[in-house]
Amino acid sequence: MNIIETKGLTKTYGKSRGINDLNLIIEEGDFFGFIGPNGAGKSTTIRTLLGLISPTGGSAKIMGCDIVKENRQILSRVGYLPSEINFYSKMKVKDVIRYSASLRKADCHTKAMSLCERLGLDITKNVDELSLGNRKKVGIVCAVQHSPQLLILDEPTSGLDPLMQHEFFNILTEENKNGATIFFSSHILSEVQNYCRTAAFIKDGRIIMSDSVDKLEETGAKKVSVTGNAPELEAALKESAVAKYISDLQSGDKGESVAFLYNGKIPALLELLAEMKPKDLTITEPSLEEIFMNYYES
């Protein structure tokens, strides 16, 4: 079953960019990463899916329910963590967590306390006294404690230190193994590469790539790093017959090396480089981040 399905989903703000003609299919049980820098349309997509803002065009269904007509049914089965966490003032952490559970008419005490312990969260503190990281922890507990069928998380690791980020992804992995579908947005490519099975890149409110993470990594491109006289290397590469296969060149800190993505025939590249007599040459597989940036900047 497709747990999320959008068809031409669009949200515009007058002349301002929102999202445009989004077509996404996310299967039940997936661990899905939604990748893009700030302003790309990630939060607008999530808020539109959850009915927090109304779509301008297109349609979408979550768990078979229309996001406009059946919004209440959707929200009752979803756990949501917004990118910015706000709570009622002067409440203690334990009261916020209990209040969140009561809205869903669920007894989540045992699981909530387990999550608080794992995240190192002091439930006796007033929410007004919490740091950004601890506020994010409270939001995580509120989103996860009722074991939702679908978890939607918007930039969930911002504010968390590396140890807590690791524990957070342990929690998500466990929820996913127990049947929950995970949808989280991020601008940190390593998070998606390490944990997600499928992903989509969003640029200027449009999906530019969407596939399994394994297939996104299998572009056929190679990362080439050449050490030598960088200015001459760069000029020769740009003027050569292989230039059309080359992404934007990146010079090293000392101006002695140049790195680029190459998707052409290796013998042609080696023939060109041999004439330039470089000091060193390495050809490796590019990271997901390098692939993304190549697509994003093109």
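Let us start with helix H6. At 1.5 Å a residue, what should its 16 residues span, and how far apart are its end C-alpha atoms?

Author: This is a predicted model. Helix H6 covers residues 162-177. At 1.5 Å a residue, its 16 residues should span 22 Å. The end C-alpha atoms are 23 Å apart, so the two values agree.

Take the ends next. Aspartate 161 caps the N-terminal end of H6. One of its side-chain oxygens lies 3.0 Å from the backbone nitrogen of leucine 163. After H6 comes glycine 179, with a positive phi near 110°.

Now the buried side. The buried residues of H6 are Met164, Glu167, Phe168, Phe169, Ile171, Leu172, Glu175 and Asn176. Their packing partners include three strands: S3 (31-35), S7 (150-154) and S8 (181-186). Helices H4, H5 (132-144) and H7 (189-195) are packed against as well.

In general, side chains of opposite charge can pair when their charged atoms come close. Start with glutamate 175. Its side chain meets that of lysine 111 in a salt bridge, 2.8 Å from N to O. This pair links distant parts of the chain, since lysine 111 sits in helix H4 (residues 109-119) and glutamate 175 in H6, 64 residues apart. Glutamate 175 has 8% relative accessibility, so it counts as buried. Lysine 111 has 23%, so it counts as partly exposed.

Glutamate 167 also reaches H4. It forms a salt bridge with arginine 118, and the closest N and O atoms are 2.6 Å apart. Glutamate 167 lies in H6 and arginine 118 in H4, so this pair ties together parts that are 49 residues apart in sequence. Glutamate 167 is buried because its relative accessible area of 18% falls under the 20% cut-off. Arginine 118, at 26% relative accessibility, counts as partly exposed. The pair is part of something wider. Arg118, Glu167 and Glu174 are linked in a network of salt bridges.

The count for the model is six salt bridges. One of them is in helix H3 (residues 93-103). There arginine 98 pairs with aspartate 95, with the closest N and O atoms 2.8 Å apart. Both residues belong to H3, three residues apart, about one turn of the helix. Arginine 98 counts as exposed, because its relative accessibility is 51% and the cut-off is over 50%. Aspartate 95, at 26%, counts as partly exposed.

Asn176 is one of its buried residues. Asn176 is also among the contacts of aspartate 30, leaving aside neighbours within four places in sequence. Aspartate 30 itself lies in the loop between strand S2 (16-27) and S3. With 10% relative accessibility, aspartate 30 counts as buried.

Two loop residues come next. Most residues other than glycine have a negative phi. Glutamate 155 is not a glycine, yet its phi is positive, about 45°. It is in the loop between S7 and H6. Glutamate 155 is buried, with a relative accessible area of 11%. Serine 147 also has a positive phi, near 50°, in a residue other than glycine. Its place is in the loop between H5 and S7. Serine 147 is partly exposed, at 43% relative accessible area.

H5 leads on to the largest pocket. This pocket has a volume of about 830 Å³. Its lining has 25 residues, and the closest to the centre are Tyr80, Ser100, Leu103, Arg104 and Cys142. Strand S6 (78-81), H3 and H5 each supply at least two residues of the lining. H3 gives the largest share, four residues.

Notes
Residues are numbered from 1 along each chain as its sequence is written. This is a predicted model: local features need pLDDT of at least 70, side-chain atom pairs count only at pLDDT 80 or more; totals for chains, interfaces and linings use all residues. Side-chain values use heavy atoms; hydrogens and water are left out. A salt bridge is a side-chain nitrogen of Lys or Arg within 4 Å of a carboxyl oxygen of Asp or Glu. Buried means under 20% relative accessible area, exposed over 50%, partly exposed in between (1.4 Å probe, protein chains only). The expected span of a helix is 1.5 Å times one less than its number of residues. Contact means heavy atoms within 4.5 Å. A polar contact is a pair of N or O atoms within 3.5 Å; within protein, one must be able to donate a hydrogen and the other to accept it, and residues adjacent in sequence count only if both atoms are side-chain atoms. On a 1 Å grid over the protein atoms alone, a cavity is a set of points where a 1.4 Å probe fits but cannot get out, and a pocket is an open set with protein on both sides within 12 Å along at least five of seven lines; lining residues have an atom within 4 Å of a point. Grid points are joined across faces, edges and corners, and a volume is the space filled by probe spheres set on the points.
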